[in-house]
Amino acid sequence: MSDPTARNRLDEEASPYLRQHADNPVNWQPWDEDALAAARERDVPIFLSVGYSACHWCHVMEDESFEDDRIADLLNEDFVPIKVDREERPDLDRIYQTVAQLTSGRGGWPLSAFLTPEGEPFYVGTYFPPESKRGMPGFRDLLERIRDSWNDPEERPEMERRAEQWTRAVDDQLEATPDRRERPADDLLIDAADAAVRGADREYGGWGSGGPKFPQPARLDLLLRAYDRTGSDEYRDVAVETLDAMADGGMYDHVGGGFHRYATDRKWTVPHFEKMLYDNAELPRRYLAGYQLTGDDRYAAVVRETFAFLERELRHPDGGFYSTLDAQSVPPGADADGSGTVEQEEGAFYVWMPAEVEEAVDEDLAADLFRDRYGVTEGGNFEGGTTVLTLDAEVETLADDYDIAPDEVRQLLDVARKAVFDERETRPRPRRDEKVIAGWNGLAISTLAEGALVLDARYADLAGEALAFVRDRLWDGDAGRLARHSKDGDVKGEGYLEDYAFLARGAFDLYQVTGGVEHLAFAMDLAAVVREEFWDDEAGTLYFTPVSGEGLVTRPQELRDQSTPSSTGVAADVLLSLDHFRPDDAFHDIADAVVETHGTRLTSSPLEYATLARCADRLSRGDLEVTLAAEAFPAEWREELAAAFLPDRLLAPRPASAAELDSWLDALDLDEAPPIWANRESRDGEPTVYACRNFTCSPPETDLGAALDWAASNAADGV
């Protein structure tokens, strides 16, 4: 059989990130059995490079090293070079990122890992320059040293011992579960919120005393819940300070809506410009909650603008959502001859100079107001004298400075913003990674469903179309299994826990808002696979990879919140929700066991495990069950639910009559009505609501407000 490593095989891959490297002189391999077998056959180390399409330093390392013929020769002759898209293989990324964290205290992308032919790591880093500088080893020198050590009979045993030690360490970190198990205390959520307050940057918002600053949606959720429960202004203030800082700074796209990945500085001024679907799914949900709690219309506007960005720039024509937009693009006017050879620059699509604003906006006063409002100056705040737009002046201040009415300022700013947006649309666009990832779509579906309840019912249509796309393209109904992603009709990869959990939550949230029983049924199908493939009764935990999947050096769990929520926490949470409808399927028992297994971790560091901590709080406190027996939600009910911040509410719409409910039970393959629906029909032909907590229910009400008042009163009384 011919040697698969004799050529670069990435031209056979669908991933845009992998295809970007298909023309490198490096003989890149995908992670597959052919490549792994070749490493064993040749008895050479694996060089594993993990990145993703929008990763800036991945592009830098490619330009500096992977296009270099001398470096390529070293990699091709003395290693099996494997390139992995972390969005396709989050399991591999999680394993080797954990090694990087354990051995160096930091990780990131590109991840550069050297492995034995069996996949055990013995040297791990991130970006390496081609030549040594600023204390970093040069990549070429590093390759030569590792090659020489591997081939030295005295040094190689030490490398293999290190690989065994690191593998045991990562196994202890990711796969093993504690021997001692305990249930966290009932005040865990408050403990986590207190920790969030202690670590907050009270001057500039967010967390940390410097840059970079990352969005922390799970922390914001804890703070808003703690404020709702206790009324302590400190929780509210820290959350609001962070929401304002992110929306006012350069991390938010003030022209086109949506959030960039993170801020590079403490003041949230300069972002890393890539846009990820998961950020633009999770962050709007916190702004929806902030809008309900504070009534600040600005938060609602941020959500609407972010949803408009998703619909305009990340939506597949058939409904699903793409994964990322690159941080880099060709600067405006730089490719005037259309040759495409101009080097791309980070942020080029998004930054402005005063003359560019003046050229875009016809009316001088509107242009002046726009520059002042968004801080566009001659010196700029970014590279080359350009400006990342930030909210630099309040409307009232501009009104005073220009001696015009605030409403006129707003009108002129709207004119200018539209003109700037139209001009930006003519610029070369950042590359888009058009993978449709199941789990990330689940996050977007959840938030769009919530937006449909709080802001505009049309968002439920977007959510429904995305869910239909994923079901049609990625769900194998016959096998009852979910694929990871699709691109251009090419479906690839088995689903991970995050795919099943995030999508199940999205389907369930869409059911809550629309009353579509088909969405509830799909959530139940996904949850059944979570139980079958990811739950380990002996270990008492949910693993990230399916039991029937590929065997790796360890089987990871995802307990911490990272750039996405903890998949273990979301899975436990959605199982708790679905237990109301399938109490015989042991969903509650699984969630309860997961929390108990990791209880010591949650108690010692609740903020690190924010989503799991919230699930533990839910187990101790119970849900506010709101059963809605009606043919359709009355408009006034929607308005009341939109205005009320009820973080622990679980909506359970059902048909008005018992006869109509029978068809739902058939669709769900249920022999009898679950307790949340049983004997809760509409009364006197009117839409009827039942509010319950901890097995105590309000009287049947045709007035939703009265039922919610009952729930609030009984919650205050500790019922």
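Predicted model: local features only at pLDDT ≥ 70, side-chain atom pairs only at ≥ 80, totals over all residues.
At 17% relative accessibility Asn76 is classed as buried, because the cut-off for buried is under 20%. Asn76 lies in helix 4, which spans residues 69–78. Now show what surrounds Asn76: apart from neighbours within four places in sequence, Asn76 is in contact with Pro25, Val26, Asn27, Arg42 and Pro81. Draw a C-alpha to C-alpha distance from Asn76 to Pro25; the two are 51 residues apart in sequence and 8.8 Å apart in space.

Next, select Phe139. Phe139, Phe581 and Trp677 are the residues with the most contacts inside the largest nonpolar core, which has 185 residues. Setting aside residues up to four places away in sequence, Phe139 touches Phe47, Met61, Ser65, Phe66, Ile71, Leu75, Phe114, Phe128, Pro129 and Pro130. For a second, separate core, select Trp352, Tyr374, Leu398 and Val409, which are among its 23 residues.

Then turn to the cysteines.

Select Cys55 and Cys58, which are joined with an S to S distance of 2.2 Å. This link is right-handed, with 85° about the S-S bond. Cys55 is buried at 3% relative accessible area, and Cys58 is buried at 3% relative accessibility.

Move to Cys692 and Cys697, joined with an S to S distance of 2.0 Å. The torsion about their S-S bond is about 110°, so this disulfide is right-handed.

Finally, select Cys615, which is buried at 1% relative accessibility.

Notes
Residues numbered from 1 in each chain as written. Heavy atoms only, no water. Core = buried A, V, L, I, M, F, W, Y, C linked by side-chain atoms within 4.5 Å. Buried < 20%, exposed > 50% of the residue type's maximum accessible area, 1.4 Å probe, protein only. Contact = heavy atoms within 4.5 Å. Helix = DSSP H or I, 4+ residues; strand = E, 2+ residues; numbered from the N terminus. Disulfide = S-S within 2.5 Å.
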